[in-house]
Each structure stands twice: as C-alpha cells, then as structure tokens.
Amino acid sequence: AAGTLAAETLRVGSVSEQHSDKVPEGRITKMDPAPGTRVKRETPIDIVVSKGPAPVAMPKVAGLSTAKATKALDAAGLLINRTEEYSDSVPADTVIRSTPTTGTMIHRQDTVAIVVSKGPPPVPVPDVVRLGTAEAKAKLQAAGFHVVVRNQLPVVMFNRVYSQYPGGGSQAPRGSTITINIV
C-alpha cells in the first residue's frame, strides 16, 4: 500500500486493524479519503487493514434440536457441516456432539461439524402372526417394541395374531409401536 501511495505522490497516514468476514487478513479494507477522491500531493491516507474474521467461542449445541443449534451457529457466523448417526440415548433431530467442542475459540466463517441423532437404530421386527396374544406381546416387548393389541371382532375367538404392522422381518426403530390384530 505504501508503495502504491508513494507512486501517486501520497503518503500513508494512520494504520489501524479491524476484523472482516469478507476481506482476507492483511488486505486493506478501507482508506480515508476513499479511492477516487481528489487530494493534494503528500496527503496522508489513513488505511484499515483486515485482521480476518473475528474470533468467537464455539457455542454449546450438543443436546439442542437441529433448528436451535443451526440458529446459534448462524448467530455466531459459523458454517455447518452436518452428519447423522443412530443413537439409543439421544432423541432424533438432536445434536449429539460438535467439533470443535463448546468454548473452543475459532473464527467467524469457520466450518464446524455437528453430528445429529437419527434416533434409535432400526432392528428386525419379529414375526408373531399365528402366535397367541400373550406370547406375541412378550416376544415383541423382548425385542424392544411397544405393543398395541386390536381385537378385530366383537369377541375374541382364537386369541391368535392374524396380522401385524409393521410386518415381521421388516425393520423399525427400537421403542416404536407394533400393532397386532387378533381374532
């Protein structure tokens, strides 16, 4: 900058620094008087040099919903790289963890990684068609499912499962509900 100003018979005035999300560190963000302004020879030109993006502390996002975590990260000026994984302990659409961790000093415009829960992993649904109601219910509960029993007729005649939803052999998240229909 000093060389360019000297070539125009101007000189550097005060030099200050300021954070900028748009101008890379070490580059000039502003000049006063502004470029294109007509000035006398040897006029001092004040310049502001970019310090790059401002530092920020990584917000706490673990345990927040994806929407709330995104809002907090956006407010801090951070970019997001989102991945997902199954979790038995963290509800679906909730942040499991972040990189960097909470409180780490980083810079605006840095990319942070968040891992979002897809909820419990799917497990095979046991086939309970033709089993007695008590046996079918016990088998489904042992596999980690909640069970809803529906009587299809006004009276229970055989006390056997004739259909189920979702069907046996399919996959469903542990803790989800399986409906069995009995006759």
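S117 is buried, with a relative accessible area of 3%, where buried stands for under 20%, exposed for over 50% and partly exposed for the range in between (1.4 Å probe, protein chains only). The model described here is predicted, so that local features need pLDDT of at least 70 and side-chain atom pairs count only at pLDDT 80 or more, while totals for chains, interfaces and linings use all residues. Residues are numbered from 1 along each chain as its sequence is written, and side-chain values use heavy atoms, with hydrogens and water left out.

S117 sits in strand β8; strands (E, at least two residues) and helices (H or I, at least four) are DSSP runs numbered from the N terminus. Beyond its neighbours within four places in sequence, S117 is in contact (heavy atoms within 4.5 Å) with E85, S87, V90, P91, A92, D93, T94 and I96.

Turning to the backbone, a cis peptide bond joins D32 and P33, with omega about 0 degrees. P33 belongs to the loop between β2 (28–32) and β3 (44–50). Another cis peptide bond links T99 to P100, with omega about 5 degrees, and P100 is found in the loop between β6 (95–99) and β7 (105–107).

Positive phi values in residues other than glycine occur at Q109, near 75 degrees, and at N159, near 55 degrees. Q109 lies in the loop between β7 and β8 (111–117) and is partly exposed, at 36% relative accessible area. N159, in the loop between β10 (146–151) and β11 (161–165), is also partly exposed, at 38%.

The largest pocket has a volume of about 310 Å³. Of the 17 residues that line this pocket, L5, E8, L10, M31 and I45 are the closest to its centre. On a 1 Å grid over the protein atoms alone, a pocket is an open set of points where a 1.4 Å probe fits, with protein on both sides within 12 Å along at least five of seven lines; lining residues have an atom within 4 Å of a point. Grid points are joined across faces, edges and corners, and the volume is the space filled by probe spheres set on the points. Both α1 (2–7) and β2 supply at least two residues of the lining.
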